[in-house]
Amino acid sequence: VMEVQRQYTASAYTIDFKEHRVLLVHNAKLNKWLQPGGHILDNELEVPSDAAIRETKEETGIDIKIIGPKLGDEVQPVALRHYVNQVGDMIDIQYVAEPLNTELSSPDAIWQDIFLIDVNPCIDDKLKEDVKSLYRQYTK
């Protein structure tokens, strides 16, 4: 049995509330649409929220602002998820964010209409539920 190195990642559910849509990127290894995210830079002792912001920008061209939940003045992760799949053993620190721009820079990124999310078969059911729940929770 090969020992798998656990990896720490950060991601953001970026919701455009005006247009009722969520930012997704295509993960080629899993062949699924997921929220943008990636590895936290250990060597630079990167803060997880900064990693989510950086990865979203790198993968989609979208600048984001993390919006909640808050504990005092600090913005907290919305979830902590543990995944074991063909990509590896990962702990993903997840945030909820709003876009600061909407122009996509990657052909692997899309704005998915939240009201039509259920008809996209390449989106995981759990992700669909999470997105709809966050949309309802954070709709102003």
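**Labels and their grounds**

Modeller: Start with a nonpolar surface patch: Phe-115, Leu-116 and Val-119, with about 350 Å² of accessible area together. This is a predicted model, where local features need pLDDT of at least 70, side-chain atom pairs count only at pLDDT 80 or more, and totals for chains, interfaces and linings use all residues. Residues are numbered from 1 along each chain as its sequence is written, and side-chain values use heavy atoms, with hydrogens and water left out.

Biologist: What makes a patch?

Modeller: Its residues have over 30% relative accessible area and no salt bridge; like charges are joined within 9 Å, and nonpolar side chains (Val, Leu, Ile, Met, Phe, Trp, Tyr) within 5 Å. Areas come from the Shrake-Rupley method with a 1.4 Å probe, and for residues only the protein chains shown count as cover.

Biologist: Why is Phe-115 called exposed?

Modeller: Exposed means over 50% relative accessible area, buried under 20%, and partly exposed in between (1.4 Å probe, protein chains only). Phe-115 has 57% relative accessibility, so Phe-115 counts as exposed. Its place is the loop between β10 (109-113) and α2 (125-138). Helices (H or I, at least four residues) and strands (E, at least two) are DSSP runs, numbered from the N terminus.

Biologist: Why does Leu-80 count as exposed?

Modeller: Leu-80 reaches 62% relative accessibility, so the label is exposed. Leu-80 sits in strand β8. From Leu-80 to Leu-116 is 26 Å in space, C-alpha to C-alpha, and 36 residues in sequence.

Biologist: What makes Lys-57 and Asp-63 a salt bridge?

Modeller: The rule asks for a side-chain nitrogen of Lys or Arg within 4 Å of a carboxyl oxygen of Asp or Glu. For Lys-57 and Asp-63 the closest N and O atoms are 3.2 Å apart, so the pair passes. Lys-57 is partly exposed because its relative accessible area is 38%. Asp-63, at 32%, is partly exposed too. By this rule the count comes to 12 salt bridges.

Biologist: How do you know that Lys-132 pairs with Glu-129?

Modeller: Their closest N and O atoms are 3.4 Å apart, so they form a salt bridge. Both lie in helix α2, three residues apart, about one turn of the helix. Lys-132 counts as buried because its relative accessibility is 17%. Glu-129 has 45%, so Glu-129 counts as partly exposed. Elsewhere, salt bridges that share partners join Glu-46, Arg-54, Glu-55 and Glu-58 into one network. Within it, Glu-55 and Arg-54 have their closest N and O atoms 3.3 Å apart.

Biologist: Why is Glu-55 called buried?

Modeller: Its relative accessible area is 10%, so Glu-55 is buried.

Biologist: What makes a pocket?

Modeller: On a 1 Å grid over the protein atoms alone, a pocket is an open set of points with protein on both sides within 12 Å along at least five of seven lines. Lining residues have an atom within 4 Å of a point. The largest pocket has a volume of about 690 Å³, the space filled by probe spheres set on the points, with grid points joined across faces, edges and corners. It has 29 lining residues, and the closest to its centre are Asn-27, Leu-30, Leu-34, Asn-85 and Met-90. Strand β1 gives the most to the lining, with four residues.

How values were computed:
1 Å grid on protein atoms, 1.4 Å probe; cavity = no way out; pocket = protein on both sides within 12 Å on 5 of 7 lines; lining within 4 Å.
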